[in-house]
Amino acid sequence: ESAEEAPKEGPQMAAAAGYSTEDIARNCAAARKNLETYRAGNPGSDAEPEAQIRYQENINKATDQIKLFCG
């Protein structure tokens, strides 16, 4: 079983949850843009721990959304 042959689970799950194809595509693009924005705002290793945690949470959230809406 090759992962390349399997349909993308994330978009299938989003469609099953009632998202339209247009919504899935729009949310995919938005999540990728958010990830770029969050990465550009990396507070760095010398930042306050709270800022680093918030940064990582934002990265994780955007990454999860990309998995869901982009596959």
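Me: Before we turn to particular residues, which cut-offs separate buried from exposed?

Reply: Buried means under 20% relative accessible area, exposed means over 50%, and partly exposed covers what lies in between, with a 1.4 Å probe and protein chains only. This is a predicted model, in which local features need pLDDT of at least 70 and side-chain atom pairs count only at pLDDT 80 or more, while totals for chains, interfaces and linings use all residues. Residues are numbered from 1 along each chain as its sequence is written, and side-chain values use heavy atoms, with hydrogens and water left out. By the burial cut-off, Cys28 and Cys70 are both buried.

Me: How many disulfides does the structure hold, and how should I read one?

Reply: In general, a disulfide is a covalent bond between the sulfur atoms of two cysteines; here the criterion is a pair of cysteine sulfur atoms within 2.5 Å. The structure holds 1 disulfide, formed by Cys28 and Cys70 with their sulfur atoms 2.0 Å apart. The angle about the S-S bond is 115°, and the link of Cys28 and Cys70 is right-handed. Cys28 lies in helix 2 and Cys70 in helix 3, so the pair ties together parts that are 42 residues apart in sequence. Helices here are DSSP runs (H or I, at least four residues), numbered from the N terminus.

Me: How do I read the faces of helix 3, and which of its residues are buried?

Reply: An α-helix has 3.6 residues a turn, so residues three or four places apart point the same way. In helix 3 the buried residues are Tyr55, Ile59, Ala62, Ile66, Phe69 and Cys70. Seen down the axis of helix 3, these buried residues fall within an arc of 110° (taken from the directions from the helix axis to the C-beta atoms), so they line one face of the helix. Glu57 and Lys67 are exposed on the other side of helix 3, whereas its buried residues pack against helix 1 and helix 2.

Me: Which residues make up the largest nonpolar core?

Reply: A nonpolar core is a set of buried Ala, Val, Leu, Ile, Met, Phe, Trp, Tyr and Cys residues joined through side-chain atoms within 4.5 Å. The largest one has 11 residues: Ala14, Ile24, Cys28, Ala31, Leu35, Tyr55, Ile59, Ala62, Ile66, Phe69 and Cys70. Helix 3 gives the most to this core, with 6 residues.

Me: How many aromatic pairs are there, and how is such a pair described?

Reply: A pair of aromatic rings is described by the distance of the centres and the angle of the planes. Rings of Phe, Tyr and Trp (its six-membered ring) pair if their centres lie within 6.5 Å, with planes under 30 degrees apart counted as stacked, over 60 as edge-to-face and the rest as tilted. The structure holds 1 aromatic pair: the rings of Tyr19 and Phe69 have their centres 5.1 Å apart and their planes at 80°, so the pair is edge-to-face. The pair links distant parts of the chain, with Tyr19 in the loop between helix 1 and helix 2 and Phe69 in helix 3, 50 residues apart. Tyr19 is partly exposed, at a relative accessible area of 36%, while Phe69, at 9% relative accessibility, counts as buried.

Conventions:
Helix = DSSP H or I, 4+ residues; strand = E, 2+ residues; numbered from the N terminus. Contact = heavy atoms within 4.5 Å.
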